[in-house]
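Start with the whole chain, then move to single residues. Keep the viewer open while reading.

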Amino acid sequence: MNSVNPLKPTPTKALLEQQFLEIRCKILDLAAQLDRLQRGGDLEAIEGDPKWTRIQKGITILATDQPAKAQSVQELFSLHYDPDWKKPSPRF
Amino acid sequence: MTSYIDPHIHMISRTTDDYHRMARCGCLAISEPAFWAGFDRGSADGFRDYFRHLVEVEPKRAAQFGIQHYSWLCINAKEAENVSLSRDVIAIIPEFLDKPGVLGIGEIGLNKNTANEAIVFQEHLDLAMKTDEMILIHTPHLEDKLKGTRMIIDMLKNDPRIKPHRVCVDHVEEHTVRFALDGGFWCGMTLYPTSKCTPSRAVDILEMVGLERIMVNSAGDWGKSDPLAVPELILEMRRRGHPESAIKKVVYENPLAFFRQSRRWSEPSLRNES
């Protein structure tokens, strides 16, 4: 990661033109999935379910201006890591 | 057409037509790590037959289409929960290590991040160090990935015999790629339709971390996967206007540089047409 990265991101304006329909499609898909959950008629049944809580938090991340949103979503859907876990010893 | 190498694909679970289509898209070589068969095998002899398939049968199937076939041997992380069986399998691996095309030990790793998986992972490292082999590492799926990747890197760093440049940490994503690269390891991104990385996200990651010590693969297997995923990444890089030299580095030069470290690497039939 020390060398210069030859890949330059596509400028924002051009990217928006290129990806507008894809982004629209993905937002629509997500909206339809949330509608489906609602049409199930029992949103109260999933209140407090960790899966639903993480989905709601994930949607919040998307609406912020913070960078590295994909990484934040990944971390949201990840189990906790304990650096003091009991490691096996190498056998020399 | 850009020539490419798919450094991780399970051809035992793909059809001969896939070899044909991959060759038509520019695939020159592949490497096939030992993995889970979709069911837990009952004995070490089942693995012996599987290893024979990897080192004897698949290279012939690939050669029909001008594709060079390489392999990696181990007991996978899922079956590693059975420590006794794992030790029996690890004991037979040296029988196959001098077969042509065997690049090293892999894909070892963690699945559900259990103590037994960690023990078997470390015993694979012990074998690899004793026999001076390269290592290919599977990192866990979905919610287990971050924790498992960090545990794997803890174990690698805890073993002073490990040379990071001879280890590939595979299936990295946005939240794990930097742990692998910062540790001096190679890393691989797997291009899957729903889990792991899509081609678009993989190119995003390349734009963020650069092109050093990083590869892409299809990890095509018997599940939902695309044996032509690497050409999809090539198309995505082109769509974004990235230079052909950058594409070639990711899909051809980088896997070649990593593979060339293996004692049994041979490349006389490789032809770089790009």
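Helices (H or I, at least four residues) and strands (E, at least two) are DSSP runs, numbered from the N terminus. By that count, chain A has three helices and zero strands. Its pattern along the sequence is α-α-α.

This is a predicted model, in which local features need pLDDT of at least 70, side-chain atom pairs count only at pLDDT 80 or more, and totals for chains, interfaces and linings use all residues. Residues are numbered from 1 along each chain as its sequence is written, chains are lettered from A and ligands numbered from 1 in the order written, and side-chain values use heavy atoms, without hydrogens and water.

Stay with chain A. Its C-alpha trace spans about 60 × 45 × 20 Å along the principal axes. The radius of gyration is taken over C-alpha atoms, and the globule rule is 2.2 Å times the number of residues to the power 0.38. For 92 residues a compact globule would come near 12 Å, but chain A has 20 Å. Accessible areas come from the Shrake-Rupley method with a 1.4 Å probe; for residues, only the protein chains shown count as cover. Chain A exposes about 7,300 Å² of accessible surface, and 60% of this belongs to carbon and sulfur atoms. Buried means under 20% relative accessible area, exposed over 50%, partly exposed in between. Of the 92 residues in chain A, 16% are buried.

Now turn to chain B. Helix α8(B) covers residues 229-239, and its buried residues include L233(B), I234(B) and M237(B). What covers them? Elements of both chains do: among them are α1 (12-39) of chain A and α9 (244-259) of chain B. After α8(B) comes G241(B), with a positive phi near 80 degrees.

D221(B) sits in the loop between β8 and α8 of chain B. A salt bridge is a side-chain nitrogen of Lys or Arg within 4 Å of a carboxyl oxygen of Asp or Glu. D221(B) is buried yet has none; R14(B), the nearest side chain of opposite charge, is 5.5 Å away. Lys and Arg count as positive here, Asp and Glu as negative; His and the chain ends are not counted. The D221(B) side chain does reach the backbone nitrogen of G223(B), at 2.8 Å. Contact means heavy atoms within 4.5 Å. Leaving out residues up to four places away in sequence, D221(B) touches H10(B), S13(B), R14(B), F35(B) and Y192(B).

Why does A62(B) count as buried? Because its relative accessibility is 0%.

Technical notes:
Buried means under 20% relative accessible area, exposed over 50%, partly exposed in between (1.4 Å probe, protein chains only). A polar contact is a pair of N or O atoms within 3.5 Å; within protein, one must be able to donate a hydrogen and the other to accept it, and residues adjacent in sequence count only if both atoms are side-chain atoms.
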